[in-house]
Amino acid sequence: MSSAKSVSENATPGFLVWRLSMRWRVAVDRAVGPLGLTHAQYSLVASLYGMHRDGLRPSQRQLADHTGLEPLYVSKLARSLESAGIVDRVRDPADPRAVRLSLTEDGRAVTRRAITVVQGLLEQLLEPLGGLGGERTRAFSRELATLLDVPLDPHTGAEPYSDEDSPKEQS
């Protein structure tokens, strides 16, 4: 495998974000796989766990908005997790179109174990920045939050790059 320096040399920020997100997804998939989860399922149950801790019982739509996943994908994941006995899906009596989600007892236990595993992985990833509690990590998190707040519209009217002036790596 090539070194991080060779990957990051002359790379665009978009390419680096894409590489880091792919590396993270693969690492989380491997870490939570033994618990019967995928990275996407982990994202859903960990978010659900946190929302429940805050006293919320979100709808599938609210969970989609929270995670950034497409509502149809959240519905598919929730059905799969329901079949596995991890999530309960219940129609909202106030809005029959909405489906409320909650973790089952087994789901809470699996999610707590998965969160512990992923926290260890996150600590490994952030060690070069001073770990989870490091000032560089806090600054990095603020920068990421700033970027996540930027609305992205693929229809900005910008002209596409020609082959001659296109950067080598686009993401």
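Leaving aside its neighbours within four places in sequence, which residues is tyrosine 49 in contact with? The tour returns to this residue after a view of the whole chain. Please note that the model on the screen is predicted.

**The whole chain**

Display the protein chain as a cartoon. Its secondary structure comes to 7 helices and 2 strands. Followed from the N terminus, the elements run α-α-α-α-α-β-β-α-α. The chain has 171 residues, of which 29% count as buried.

**Tyrosine 49**

Select tyrosine 49, which is found in helix H3. Apart from neighbours within four places in sequence, tyrosine 49 is in contact with Leu103, Arg108, Thr111, Arg112 and Ile115. Threonine 111 lies 62 residues from tyrosine 49 along the chain, yet the C-alpha atoms of the two are separated by 7.3 Å.

**Helices H3 and H5**

Select residues 39-53, which form helix H3, together with residues 71-83, which form helix H5. The axes of these helices come within 10 Å and cross at roughly 90°. H3 and H5 are therefore roughly perpendicular to each other. Show the side chains where the helices meet. On the H3 side are Ala40, Gln41, Leu44 and Val45; on the H5 side are Tyr73, Val74, Leu77, Ser80 and Leu81. By class, this contact has 7 nonpolar residues, 2 polar residues and no charged residues.

**The largest nonpolar core**

Select Leu37, Tyr42, Val45 and Val87. Of the 27 residues in the largest nonpolar core, these four touch the most other members. At least two residues of this core come from each of helix H2 (13-32), H3, helix H4 (60-67), H5, strand E2 (95-103) and helix H6 (105-126). H3 gives the most, with 8 residues.

**Leucine 37**

What does leucine 37 touch, not counting residues up to four places away in sequence? Its partners are Asp29, Val32, Tyr42, Val45, Leu81, Ile86, Val110 and Ala114.

Notes. Residues are numbered from 1 along each chain as its sequence is written. This is a predicted model: local features need pLDDT of at least 70, side-chain atom pairs count only at pLDDT 80 or more; totals for chains, interfaces and linings use all residues. Side-chain values use heavy atoms; hydrogens and water are left out. Axes are lines fitted to C-alpha atoms, for helices over the stretch in contact, and angles run from 0 to 180 degrees between N-to-C directions. Helices (H or I, at least four residues) and strands (E, at least two) are DSSP runs, numbered from the N terminus. Angles under 35 degrees count as roughly parallel, over 145 as roughly antiparallel, 65 to 115 as roughly perpendicular and the rest as oblique. Contact means heavy atoms within 4.5 Å. Ala, Val, Leu, Ile, Met, Phe, Trp, Tyr, Cys and Pro count as nonpolar, Asp, Glu, Lys and Arg as charged, and the others, Gly among them, as polar. Buried means under 20% relative accessible area, exposed over 50%, partly exposed in between (1.4 Å probe, protein chains only). A nonpolar core is a set of buried Ala, Val, Leu, Ile, Met, Phe, Trp, Tyr and Cys residues joined through side-chain atoms within 4.5 Å.
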